[in-house]
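Here is a short briefing for a first look at this structure. Keep the sequence and the model side by side as you read.

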Amino acid sequence: MARKYFGTDGIRGEVGQFPITPDFVLKLGCAFGRALIKHEHGKQPTVIIGKDTRISGYMLETALVAGFTAAGVHVLQTGPLPTPGIAYLTRALRLSGGVMISASHNEFSDNGIKFFAEGGVKLSDELEIAIEAELDKEMVTNPSLQLGRARRISGADDRYIEFCKSTFPSNLDLRGLKLVVDTANGAGYHTAPKVFHELGAEVIEIGNTPNGFNINDKVGATHPKTLQAAVLQNEADYGIALDGDGDRLIMVDRHGAVFDGDKLIYIIAKALSQQGIQFGGVVGTGDEQFGNGKSLGRTWHCLWSCESGRPLCVGNVETTRLVAGRRIVWTHFVHGQTQYRRWHDFRAASFGGIENFGSRFERGGGLAALSANHD
């Protein structure tokens with residue numbers, strides 16, 4: 001069924017233009033809240049809200065909080081946190097839903113709203129339809145005795161950092177490696193460098209001074225030349241760049257070669273194969289050339305959609321449903337990044353780099369060796 005408001009990944013647009021206006025976002029929060037209450041048969045839900053570093057995040061967060069509490073939903077606010085962190089905390093705290101305020105890799109003048117359902121997963125078609133039905137109704141505020149409460153929580157970033165570190169093999173560390181970490185002046189600026197530092201790496205931070213206006217501005221995953229220059233200038237072993245909400249990853253090796261999601265997923269799949277680890281196939285974002293004669297498609301099984309007849313891509317409910325319970329290598333832009341779907345979906349893009357290091361990036365080998373034979 002066609003959506004009136006929702007795109008493939010939430011709602012996004014230019015700030016001040018419909019639908020990214022305070023009045024619509026107020027109503028959106030209320031609509032999501034009422035849909036959750038109906039979905040949970042009258043139980044009073046609690047949701048968590050995170051955001052990236054855009055100046056408009058303050059305005060949109062306030063509007064969402066007002067909408068949720070007007071509907072009788074309790075709200076937890078984290079401040080800036082990567083999108084996968086909100087998905088993770090939604091599940092870890094046993095919440096009814098989560099919201100991320102971000103326009104990902106877009107410039108600061110855009111913003112968007114991304115919702116997560118219970119368990120930190122993408123909204124079902126049923127829930128999206130219910131929210132849109134509520135949006136078409138007149139907004140009604142609950143009586144005072146039935147309003148929700150809102151509060152900021154501390155330690156959300158530390159909790160997520162510890163979770164991400166826990167995905168790294170306990171018998172390994174990053175001592176002796178020099179890394180450049182570019183956080184795009186975005187949501188990962190105070191989490192990604194800490195993870196790598198606490199695992200033992202020497203970390204050089206760039207793109208880590210957000211001011212509300214400079215997110216993705218000539219830094220981050222969409223501007224790899226900045227990372228390349230920093231890696232070469234600092235004689236670093238690797239560079240890691242995120243996008244504005246920390247769910248997109250590229251890497252650079254010591255020679256300045258760029259490794260995007262396509263190459264990284266090849267490297268992970270190749271490393272797992274060499275270790276004798278079985279996995280069910282690969283899933284990409286639609287940018288990867290799976291199944292078109294490229295190395296990924298001809299080397300490993302590519303999962304195909306029964307509904308569209310095309311390779312499965314992340315960011316849709318069908319993919320989430322079909323890969324559940326399977327060991328899949330995929331490029332994840334929704335709850336994570338290039339990663340091996342084995343236990344969970346909630347590693348931020350920077351921590352896809354951690355898994356890469358942990359699974360195969362030995363000090364003597366490197367990305368170039370592992371990507372040999374990749375088209």
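**A buried asparagine and its surroundings**

Asn 142 sits in the loop that runs between helix 4 (125-135) and strand 7 (150-152). The model is predicted. Asn 142 counts as buried because its relative accessibility is 16%, and the cut-off for buried is under 20%.

- The side chain of Asn 142 reaches the backbone oxygen of Ala 71 at 3.1 Å.
- Beyond its neighbours within four places in sequence, Asn 142 touches Arg 34, Ala 70, Ala 71, Gly 72 and Leu 147.

- Asp 243 lies in the loop between strand 10 (238-242) and strand 11 (249-253).
- Asp 243 has 0% relative accessibility, so Asp 243 counts as buried.
- Setting aside neighbours within four places in sequence, the contacts of Asp 243 are Ser 104, His 105, Thr 183, Ala 184, Asn 216, Ala 221 and Arg 248.

**The chain as a whole**

- The chain has 12 helices and 15 strands.
- It has 375 residues, and 58% of them count as buried.
- Among contacts with a separation of 6 or more, 70% join residues 24 or more positions apart.

**Nonpolar cores**

- The largest nonpolar core has 36 residues. Leu 174, Leu 179, Leu 264 and Leu 367 have the most contacts inside it.
- Elements giving two or more residues to this core include helix 3 (83-92), helix 5 (156-166), strand 8 (178-182) and helix 8 (261-274).
- In soluble globular proteins, nonpolar side chains tend to be buried together.

**Aromatic rings**

- The structure holds 10 aromatic pairs.
- Tyr 5 and Phe 24 form a tilted pair, 5.3 Å centre to centre, with 40° between the planes.
- Tyr 5 lies in the segment before strand 1 (11-14) and Phe 24 in helix 1 (residues 22-39), so this pair ties together parts 19 residues apart in sequence.
- Tyr 160 and Phe 163 are stacked, because their ring centres are 6.3 Å apart and their planes are at 20°. Tyr 160 and Phe 163 are both buried.
- Phe 6, Phe 32, Phe 68 and Phe 115 are linked into a cluster by ring pairs.

**Charges over rings**

- Lys 51 lies over the face of Tyr 58, at 4.0 Å from the ring centre.
- Lys 263 has its charged end over the ring of Phe 259, 5.7 Å from the centre.

Notes
Residues are numbered from 1 along each chain as its sequence is written. This is a predicted model: local features need pLDDT of at least 70, side-chain atom pairs count only at pLDDT 80 or more; totals for chains, interfaces and linings use all residues. Side-chain values use heavy atoms; hydrogens and water are left out. Helices (H or I, at least four residues) and strands (E, at least two) are DSSP runs, numbered from the N terminus. Buried means under 20% relative accessible area, exposed over 50%, partly exposed in between (1.4 Å probe, protein chains only). Contact means heavy atoms within 4.5 Å. A nonpolar core is a set of buried Ala, Val, Leu, Ile, Met, Phe, Trp, Tyr and Cys residues joined through side-chain atoms within 4.5 Å. A polar contact is a pair of N or O atoms within 3.5 Å; within protein, one must be able to donate a hydrogen and the other to accept it, and residues adjacent in sequence count only if both atoms are side-chain atoms. Rings of Phe, Tyr and Trp (its six-membered ring) pair if their centres lie within 6.5 Å; planes under 30 degrees apart count as stacked, over 60 as edge-to-face and the rest as tilted. A charge sits over a ring if NZ of Lys or CZ of Arg is within 6 Å of the ring centre and within 35 degrees of the ring normal.
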